[in-house]
Amino acid sequence: MTTTRSFDVIVVGAGSVGAPAAMALAESGLKVLVLDRAPSVGQGSNKRAIGGLRATHSDPAKIRLCLRSLEIFSTWKARYGNDIEWYKGGYSYVAYRPEEERTLKELLVIQKASGLNIDWHDAASFRRVIPDINPEGLIGGTLSPDDGHASPLLAVHAFYSRAKALGAQFRFAETVTGLLTSGGRVNGVRTDKGEYAAPVVIDAAGPWGAEVAAMAGLDIPVRPDSHEAAVTEAVARFLEPMVVDIRPVAGSANFYFYQHHTGQVIFCITPDPSIWGMDVRETSSFLPMVASRMVGLIPRLRNLRVRRTWRGLYPMTPDGFPIVGWARELEGFMLAVGMCGQGFMLGPGLGELISRMVQGSTDEGDRETLTYLSPYREFKGQEKLK
Ligand SMILES: Cc1cc2nc3c(=O)[nH]c(=O)nc-3n(C[C@H](O)[C@H](O)[C@H](O)COP(=O)(O)OP(=O)(O)OC[C@H]3O[C@@H](n4cnc5c(N)ncnc54)[C@H](O)[C@@H]3O)c2cc1C
């Protein structure tokens, strides 16, 4: 096989990260190729996401990236005309125990310092935010009104269409099987269909990110674990923000849900212990577990009928932070993996950061962000709002 086509950048993976990254790279005039083994855009973890978009995080790096993502999601329709079902319903975190009250109040300091619009509400005030919340033992909670949700399918397709309009090329049903290297630098990729040359290759392969990194001889700590989600029938609107309950109970670490603007309630739970591996078949344990927690929090949910469940993969890292940065071992190879449960919300902001990294135009804020996300950090910390 011979190298047939040359690009400035090759992105492996057309998912939550790869598609907006391609858009940002093409926007800056670079010649971009995106390769994905799936037959169309967003067919990996992207389409399994429930659409939550928040800048409510526990560290300045993700807050900064997601504030930018929210700007892009929330202004998309006005700027480009296509509807990605953005809805600004906010995010709320509930506290029924002093432990959660303390955690949430401690986080407010860094969140406010990082420019997040968020406030603590006592029980009476929080009941105005979520009128149907179980009042028994409620201490209060936080509300960040500028967060919201959008459709992962419509959004990834919008980014893909714009990237193409800007000149990015996408090749689907084509698997990257190896990297072309010489003298300690990357020169392109090999696929099951041919070879492509580029001085920059970006690993945006999500749950398969470690496989692609291994092609560069790198051993990175990205392991997929599975999470389940479900959607109910549509009912009249009764709930505005995403509701997140971070109380750990036997079997689950936390759970979250929101009402879509068309009436369905969409929800998810974080299993504890984690369910490692690539299996995405639905389980029989998910619905009983999550339903009893949700009904405990909002009793009127007991009458809702569930329409569908599904299961997908979080590309997890040991500390819950993404892995983004240039590989020291192979010049020109960039990691943009390990998005955990937040790749959809990080995607557009991260895409722009990736573009600045490729162009060598990062600023001081970017460099601080990249310190948090460094592939060479010690992975000792723990994200508090995973
Ligand atoms: C139930 C559930 C709910 C979630 N809810 C949310 C949410 O509300 N908000 C949020 O932000 N996130 C959420 N997430 C997490 C989110 O889905 C992921 O973090 C995100 O999709 C990861 O994006 P990615 O681009 O890294 O990976 P992906 O979107 O999986 O993209 C990776 C792509 O790489 C391709 N690929 C892999 N290997 C190769 C190869 N060798 N050659 C070619 N192509 C390859 C794959 O086919 C895939 O398309 C949720 C996840 C699940 C499972």
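1. Arg54 has a relative accessibility of 6%, and because buried means under 20%, Arg54 counts as buried. Please keep in mind, here and in the points that follow, that this is a predicted model. Arg54 is placed in the loop between β4 (52-53) and α2 (60-80), and a polar atom of the Arg54 side chain lies 2.7 Å from the backbone oxygen of Thr56.

2. Turning to the ligand, 39 residues surround it, and the closest are Ser16, Asp36, Ser45, Cys340 and Met345. For Ser45 the atom concerned is a backbone N or O, which lies 2.7 Å from an oxygen atom of the ligand, and for Gly51 a backbone N or O atom lies 3.4 Å from an oxygen atom of the ligand.

3. How many residues of strand β20 (residues 333-337) are buried? The count is 5 of the 5, so β20 is largely enclosed by the rest of the structure. The cover extends to both faces of the strand, with Phe333, Leu335 and Val337 buried on one side and Met334 and Ala336 buried on the other.

4. Strand β13 (residues 200-203) runs parallel to β20 and is joined to it by 3 bridges, with Asp203 standing opposite Leu335. Strand β19 (residues 323-326), by contrast, pairs with β20 in the antiparallel sense over 4 bridges, and here Val324 stands opposite Ala336. The hairpin formed by β19 and β20 has 6 residues between the strands, and in this hairpin Gly332 takes a positive phi near 90 degrees.

5. The second largest pocket may also deserve a look on the display. It holds about 360 Å³ of space, and it is lined by 18 residues, of which Ala49, Pro152, Leu153, Ile266 and Trp310 are the closest to its centre. Elements that each supply at least two residues of this lining include α5 (152-165), β17 (264-272) and β18 (306-316). Taken by class, the lining of the second largest pocket comprises 9 nonpolar, 5 polar and 4 charged residues.

How values were computed:
Residues are numbered from 1 along each chain as its sequence is written. This is a predicted model: local features need pLDDT of at least 70, side-chain atom pairs count only at pLDDT 80 or more; totals for chains, interfaces and linings use all residues. Side-chain values use heavy atoms; hydrogens and water are left out. On a 1 Å grid over the protein atoms alone, a cavity is a set of points where a 1.4 Å probe fits but cannot get out, and a pocket is an open set with protein on both sides within 12 Å along at least five of seven lines; lining residues have an atom within 4 Å of a point. Grid points are joined across faces, edges and corners, and a volume is the space filled by probe spheres set on the points. Ala, Val, Leu, Ile, Met, Phe, Trp, Tyr, Cys and Pro count as nonpolar, Asp, Glu, Lys and Arg as charged, and the others, Gly among them, as polar. Buried means under 20% relative accessible area, exposed over 50%, partly exposed in between (1.4 Å probe, protein chains only). Two strands pair if DSSP finds at least two bridges between them. A residue is near a molecule or strand if one of its heavy atoms lies within 4 Å of it. A polar contact is a pair of N or O atoms within 3.5 Å; within protein, one must be able to donate a hydrogen and the other to accept it, and residues adjacent in sequence count only if both atoms are side-chain atoms.
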